[in-house]
Amino acid sequence: MEDFISEIKKRRTFAIISHPDAGKTTLTEKFLLYGGAIAQAGSVKGKATARHAVSDWMEIEKERGISVTSSVLQFQYGGYCINILDTPGHQDFSEDTYRTLMAADSAVMVIDGSKGVEAQTRKLFKVCVMRHIPIFTFINKMDREAMDTFDLLDDIEKELGIATCPINWPIGSGKEFRGVYDRNTKELELFYDTRKGTVMGEVKKVPIRSEEATQSVTSEQYEKLEEEIELLDGASAEFDQELVSQGKLSPVFFGSALTNFGVETFLEHFLKMTTPPLPRMSDKGEIDPMKETDFSAFVFKIQANMNKAHRDRIAFMRICSGEFQAGMDVFHVQGGKKVRLSQPQQLMASERKMVETAYGGDIIGVFDPGIFSIGDTLTTSPEKFAYEGIPTFAPEHFARVRQVDTMKRKQFIKGISQIAQEGAIQIFQEFNTGMEEIIVGVVGVLQFDVLKYRLENEYRVDIRMDTLPYEHIRWIENEDIDMDRLTGTSDMKKIKDLKDRPLLLFVNDWSIRLVQERNPGLILSEFGRS
Ligand code: G4P
């Protein structure tokens, strides 16, 4: 077998998802600390720049003071080569966030122990479920007053519809937090605050009834622990690697990223339970990285105008099989020609560096002279297959957009089309008119600001934007639909995409249901095909 297969086997590529403030940045930073990629926590996360520090690496983002992209970090730990895909949270939320999940093989969900499942987690989770990738839960901030542990698990099961299997179990929370009980070894891992987590903590495991344990755990806490474990053993799902791999069972861990507690334990278990690079579907069937020897990758994100002086772009791709060498020639399937992948870049903590070689499972960014689109396949395989496209995710905010100066129509169309091609926004048209009226759909409202900013700064076009009341979009799956005969509701809107495919906009769920009832056989979908 080729040498690089052993490299691919070491890869673990996952996305980290959470609601803002649950502790995703802190946990990521602690992973880097344990992976030796940074010497001391806090070194990449200064107080002043706290929120965006580790993964906000692009000047352009810093200039704008907003984070518009998802970043990738690579580090080594315990013989594994780990790629973390960061997914920006709250107002930064965009389609990129969803697409990032398409490039990952598993997801780590960080939940604030005092809050349970929150809105953003729910949205991202849907994509993980659609892809059936393994999902691991880290319940964070146990050093603060947390919700009842069973309530937390119930919350995950009900809200997200996935079974949970706690690998460890917390003893107290907040001031009373004493550590976690390992259900497998039946040992206690005692909680130490490692100088607010600036240095790596020692994992101290002691037998449940040892002298050391009884010194810190009170007899009430023992009693409660015993009761809870008994209840848990009877009620919760047993660990089943097969179900974990299918994304049907989420292993749950407890800890406190800020104080480094539980981070190493989580990493060790997670790395054993998660998957090496997974096979991907193509038009020639499944491509398995453990068997396919040729290089192949797909583009999941395009970042424009990294350098203001040139209108250049970086295409981020997930390598699915084989070995990548800097400057290699590959076949760009959708473009139908050979291209040289130049200036390949990879990220190491906060630095960007050139890559010489990379393997299946890795993410690289390559210079894009404007030829790549989201979902494109690159390969050296003589078979020239194309990976399954990346679905278009339903935007939730809509606005009618027009240029202020009618003389700038051409520039406006060019700008808005290019930005749409990068996948930051989706553009639609009124159903019965031409390009006159453009309707823009975005996943997060911040994208409206980004669009306005970029049209003004990069294309010198001022725009007027009128937000529309719609919140839901549905693609019509029926091939032979007669749009004139469709019975809608008064607040529904018919639009079409640039490929002339019909879509519907709705104000609320109720309206969607009504339209479905009124039009038997109508198939509506939340995800579009690219
Ligand atoms: P995010 O990326 O998910 O948005 O969250 P982030 O890591 O930035 O953490 C949000 C806040 O929660 C930060 O506090 C962080 O220090 C704190 N935090 C993270 N993990 C823990 C934990 O395990 N325990 C406790 N008690 N706090 C935690 P901040 O005050 O907003 O920022 P900072 O000034 O501390 O950097």
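Modeller: Glu526 and Lys126 form a salt bridge, with their closest N and O atoms 3.6 Å apart; the term requires a side-chain nitrogen of Lys or Arg within 4 Å of a carboxyl oxygen of Asp or Glu. Glu526 belongs to the loop between strand E32 (524-525) and strand E33 (527-528), and Lys126 to helix H5 (residues 119-131), so this pair ties together parts that lie 400 residues apart in sequence. Helices (H or I, at least four residues) and strands (E, at least two) are DSSP runs numbered from the N terminus. The model is predicted: local features need pLDDT of at least 70 and side-chain atom pairs pLDDT 80 or more, whereas totals for chains, interfaces and linings use all residues. Residues are numbered from 1 along each chain as its sequence is written, and side-chain values use heavy atoms, with hydrogens and water left out.

Both partners of this pair have some accessibility. Glu526 is partly exposed, at a relative accessible area of 32%, and Lys126 is likewise partly exposed, at 48%. Here buried means under 20% relative accessible area, exposed over 50%, and partly exposed in between (1.4 Å probe, protein chains only).

A second salt bridge joins Asp105 to Arg280, whose closest N and O atoms are 3.5 Å apart. Asp105 sits in the loop between helix H4 (95-103) and strand E4 (106-112), while Arg280 is in strand E12 (residues 280-282); the pair therefore ties together parts 175 residues apart in sequence. Asp105 and Arg280 are both buried.

In a further salt bridge, Arg178 meets Glu176 at 4.0 Å, N to O. Arg178 is partly exposed at 22% relative accessibility, and Glu176 is partly exposed at 44%. Elsewhere, salt bridges with shared partners join Glu7, Lys10, Arg11 and Asp362 into one network. By the rule given above, the count of salt bridges comes to 25.

Turning to the ligand, 20 residues surround it, the closest being Asp21, Lys24, Thr25, Thr26 and Asp143; a residue is near the ligand if one of its heavy atoms lies within 4 Å of it. By class, this shell holds five nonpolar, seven polar and eight charged residues, where Asp, Glu, Lys and Arg count as charged, Ala, Val, Leu, Ile, Met, Phe, Trp, Tyr, Cys and Pro as nonpolar, and the others, Gly among them, as polar. Helix H2 (residues 24-34) gives the most to the shell, with three residues.

Polar contacts (a pair of N or O atoms within 3.5 Å) can be named individually. A polar side-chain atom of Thr25 is 2.3 Å from a ligand oxygen atom.

Two individual residues complete the account. Thr137, in strand E5 (residues 135-140), is buried at 0% relative accessibility. Beyond its neighbours within four places in sequence, Thr137 is in contact (heavy atoms within 4.5 Å) with Met109, Ile111, Ile156, Ser250, Pro251, Val252, Phe253 and Phe266. Pro369, by contrast, is exposed at 58% and lies in the loop between strand E22 (363-368) and strand E23 (377-379). Pro369 and Ile314 are 55 residues apart in sequence and 8.4 Å apart in space, C-alpha to C-alpha.

Technical notes:
A polar contact is a pair of N or O atoms within 3.5 Å; within protein, one must be able to donate a hydrogen and the other to accept it, and residues adjacent in sequence count only if both atoms are side-chain atoms.
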